[in-house]
Number of protein chains: 2
Amino acid sequence: MTVKNAFYAQSGGVTAVINASACGVIETARQHPDKIGNVLAGKNGIIGALTEELIDTSQESDAAIAGLRSTPSGAFGSCRYKLKSLEANRREYERLIEVFKAHDIGYFFYNGGGDSADTCFKISQLSESLGYPLQAIHVPKTVDNDLPITDTCPGFGSVAKYIAVSALEASFDVRSMAKTSTKIFVLEVMGRHAGWIAAAGGLLEDHDIPVVVLFPEIEFEQEKFLANVKAKVEQYGFCTIVVSEGCHWPDGKFLAEQGTRDAFGHAQLGGAAPVVANMIKEALGYKFHWAVADYLQRAARHLASKTDVEQAYASGKAAVEYALAGHNSIMPTIVRTANSPYAWEIGKADLKDVANVEKFMPRDFISEDGYGITAACKEYLYPLIEGEDYPAYERGMPKYVTLKNILVPKRVATEFEVK
Amino acid sequence: MTVKNAFYAQSGGVTAVINASACGVIETARQHPDKIGNVLAGKNGIIGALTEELIDTSQESDAAIAGLRSTPSGAFGSCRYKLKSLEANRREYERLIEVFKAHDIGYFFYNGGGDSADTCFKISQLSESLGYPLQAIHVPKTVDNDLPITDTCPGFGSVAKYIAVSALEASFDVRSMAKTSTKIFVLEVMGRHAGWIAAAGGLLEDHDIPVVVLFPEIEFEQEKFLANVKAKVEQYGFCTIVVSEGCHWPDGKFLAEQGTRDAFGHAQLGGAAPVVANMIKEALGYKFHWAVADYLQRAARHLASKTDVEQAYASGKAAVEYALAGHNSIMPTIVRTANSPYAWEIGKADLKDVANVEKFMPRDFISEDGYGITAACKEYLYPLIEGEDYPAYERGMPKYVTLKNILVPKRVATEFEVK
């Protein structure tokens with residue numbers, strides 16, 4: 001086996017643990033110098049490959065790479081850039097191959113969600129259609145937990161833990177104030193189409209908190225919702241509402257829609273919480289508070305789930321090991337082998353089965369009335385938020401790593417403009 | 001010294017560590033059974049004294065009381081209820097004395113902020129004007145950090161830590177995405193009049209994050225602000241903005257004003273972040289994300305500052321010890337005796353000097369341009385966020401305590417209606 005370099009890139013929205021996957025990839029690659037030369041990371045994701053801005057990770061110390069395990073965000077930069085089909089933009093793929101050839105890259109590790117799995121799948125087909133040998137492995141990452149086949153996606157467990165803990169703490173707060181002041185607390189969480197993150201709010205039921213969860217999978221019905229909130233306030237004196245940013249009216253319009261769209265054409269959301277809070281105030285007169293967690297939830301490495309960190313690292317490690325074992329066009333998966341006590345192992349899925357498939361909450365994970373989660377969902381969720389994995393602190397602040405991110409010299413004569 | 005019962009109540013917005021002060025009060029009182037009989041806690045704050053709903057803390061186990069140290073919110077319930085002056089509503093004060101007499105209460109511990117210090121001061125005057133011996137001690141608590149004399153207020157250090165860490169994490173996130181996507185992250189934080197919480201965002205400068213802080217102490221100037229943001233994005237590629245809910249235009253109107261007011265007549269705020277984000281989008285075209293932390297910030301016991309927890313406990317403990325030493329009409333204070341290494345001790349302030357005095361950020365803590373903090377401010381802040389004090393976890397969730405909160409039988413024949 002000849003020595004080849006590897007390319008690694010982070011894609012889409014970053015998470016609290018995507019760098020733990022990067023750590024798994026790079027540390028494992030460093031253990032196989034006989035097969036993998038250098039790991040070149042795409043500066044700002046796949047765009048870095050197109051523009052030949054390749055970060056030389058060999059210039060980062062072992063300590064810095066180890067530090068990635070407990071550093072949130074994407075250490076090499078990420079992007080929301082979806083490659084078109086080979087037919088629609090052949091030039092992009094040819095450019096990638098040109099850059100990979102010039103830097104002797106034989107392994108392509110792409111760390112992202114559903115759109116990235118699709119890109120990775122397309123690239124995995126290149127070696128055939130463009131005649132360049134390349135093993136493309138997708139490393140799963142998404143807070144939305146919407147990738148198929150894998151039991152969970154690295155990134156999700158930590159967000160779920162953050163939302164469950166934060167909503168519990170805020171619920172204790174509103175419970176303290178409810179007699180004479182705030183009776184309603186609304187927390188808006190991420191999740192455009194899949195309600196996995198919102199589902200974490202359903203765990204509050206086990207802590208005697210009256211909670212209403214609004215899922216994107218369930219069409220919003222105003223009268224039914226208000227009646228549910230009213231009943232809870234009358235029984236408990238207060239109510240917490242966890243609303244997914246993807247919660248929508250029967251006509252499909254988001255409660256939160258701001259009217260702007262991102263590069264993938266997805267509506268950019270934010271603002272369901274004040275909509276819901278004001279709706280309750282108007283109909284029922286209850287004083288409210290609301291919060292929009294936004295980036296705080298997916299960046300909250302300070303409260304990461306230990307299970308999630310371990311699975312993120314293991315996914316990166318497995319990607320390299322699968323590549324070295326000769327695999328192509330696959331994604332390492334998390335396979336749950338037991339629930340109690342929880343046990344898991346790494347498996348693999350063919351990218352053709354992963355690309356463009358979105359995993360929603362199964363209906364039997366959502367309670368009959370549509371506002372909570374079932375015992376089956378709780379059994380699914382608890383292991384994923386289990387364990388704490390705190391970063392080190394210095395002067396009261398977490399010691400997060402910022403890499404040097406030094407680029408390797410360019411070898412391709414032509415420039416490439418990313419549009 | 002005869003044995004007397006003590007009354008304890010939580011007032012105003014609760015915090016991540018007000019229960020640590022309650023723990024300090026109750027544990028210390030339990031160490032002096034020869035002087036303090038039972039600690040009766042006001043159900044939902046001072047209202048519980050007026051309505052004679054007194055929680056019998058002797059029915060809570062030592063373990064439950066110890067658990068308060070790491071439980072956020074107000075375990076006995078709190079309220080935003082300000083007693084009027086003795087002249088304006090003498091009946092309220094007479095009712096309090098009536099209830100205190102009936103339950104043999106000789107100590108009044110009131111745990112709150114500026115409004116509560118005023119109430120406590122008024123009650124401390126009662127023993128003279130109404131002829132009932134009562135020692136009233138105020139236990140400081142406020143996330144706003146706006147009480148005078150004390151170096152800091154228990155509750156503040158934990159919020160400051162939460163905001164600094166959360167803003168750092170979200171800034172790492174936006175830095176990862178900035179090349180092709182989000183360039184602006186706006187975090188709205190609490191602080192109606194004083195910018196102490198927002199100031200914590202200024203610490204990000206020490207982590208190479210371009211940050212603009214918007215204080216309530218500095219009138220908002222749109223053009224100057226936009227120019228500052230633009231310069232930062234051009235230099236760094238992204239910018240984080242930490243905006244206080246109390247940030248206002250030169251005419252005094254809050255950026256965030258929703259039009260509703262709380263029981264103290266304060267405007268209820270929320271929504272400065274989307275205002276600022278959209279203003280930037282419109283003027284400069286940058287893609288943004290925004291978050292409103294709201295209750296999450298003041299309830300975040302999972303990320304409490306160890307310094308803050310210790311000071312909250314020590315304040316509660318000192319209140320009891322001062323009372324036993326014969327003091328009346330005072331508040332324990334935190335006295336900073338050294339900066340490096342940080343050292344502090346408990347002191348005391350006369351309530352007449354505390355009531356109705358609000359401590360704002362000194363101008364020399366805010367940078368010259370009004371958008372950051374000075375070295376003096378950093379030297380002040382760092383010790384307050386120092387150290388972590390994690391709660392215990394079970395099944396991935398913090399083990400927070402919910403008390404039994406059993407009321408003692410009523411002894412006063414008449415009812416009292418709180419309006």
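Biologist: Does Leu296(A) count as buried or exposed?

Modeller: This is a predicted model, in which local features need pLDDT of at least 70 and side-chain atom pairs count only at pLDDT 80 or more, while totals for chains, interfaces and linings use all residues. Residues are numbered from 1 along each chain as its sequence is written, and chains are lettered from A and ligands numbered from 1 in the order in which they are written. A residue is buried if 20 or more other C-beta atoms, placed from the backbone, lie within 10 Å of its own, exposed if 12 or fewer, and partly exposed in between. Leu296(A) has 26 C-beta neighbours inside 10 Å, so Leu296(A) counts as buried.

Biologist: Leaving aside its neighbours within four places in sequence, which residues is Leu296(A) in contact with?

Modeller: Leu296(A) lies in helix 11 of chain A; helices (H or I, at least four residues) and strands (E, at least two) are DSSP runs, numbered from the N terminus. Two residues are in contact if their C-beta atoms, placed from the backbone, lie within 7 Å. With neighbours within four places set aside, the contacts of Leu296(A) are Ser166(B), Ala170(B), Ala291(B) and Ala293(B).

Biologist: Which element gives the most to the side of chain A that touches chain B?

Modeller: In total, 62 residues of chain A are in contact with 61 residues of chain B. Two or more residues on the chain A side come from each of helix 7 (156-177), strand 9, helix 11 (295-299) and strand 13 (397-398). With 13 residues, the one that gives the most is helix 7 of chain A.

Biologist: How far apart are the end C-alpha atoms of helix 7 of chain A?

Modeller: In this helix, 22 of its 22 residues are buried. The expected span of a helix is 1.5 Å times one less than its number of residues. For the 22 residues of helix 7 of chain A that rule gives 32 Å, which agrees with the distance between the end C-alpha atoms, 31 Å.

Biologist: What is the radius of gyration of chain A?

Modeller: Of the 419 residues of chain A, 61% count as buried. The radius of gyration is taken over C-alpha atoms, and the globule rule is 2.2 Å times the number of residues to the power 0.38. A compact globule with 419 residues would be near 22 Å, which agrees with the value for chain A, 22 Å.

Biologist: How far apart do the C-alpha centres of domain 1 and domain 2 of chain A lie?

Modeller: Domain bounds come from an automatic or database domain assignment. That assignment gives domain 1 (4-144 + 303-356 + 389-398) and domain 2 (156-301). Their contact takes 21 residues from domain 1 of chain A and 19 residues from domain 2 of chain A. The C-alpha centres of these two domains are separated by 33 Å.

Biologist: In strand 8 of chain A, which residue is the bridge partner of Leu214(A)?

Modeller: In strand 7 (residues 211-214) of chain A, Val211(A) and Val213(A) are buried on one side, and Val212(A) and Leu214(A) on the other. Two strands pair if DSSP finds at least two bridges between them. Strand 7 and strand 8 of chain A pair in the parallel sense over four bridges. In strand 8 of chain A, the partner of Leu214(A) is Val243(A).

Biologist: Which residue follows helix 10 of chain A?

Modeller: Helix 10 of chain A has buried residues, including Ala272(A), Val276(A) and Ile280(A). Strand 6 (184-189) and helix 9 (222-236) of chain A are among what covers the buried residues of helix 10. With a positive phi, near 80 degrees, the residue that follows helix 10 of chain A is Gly285(A).
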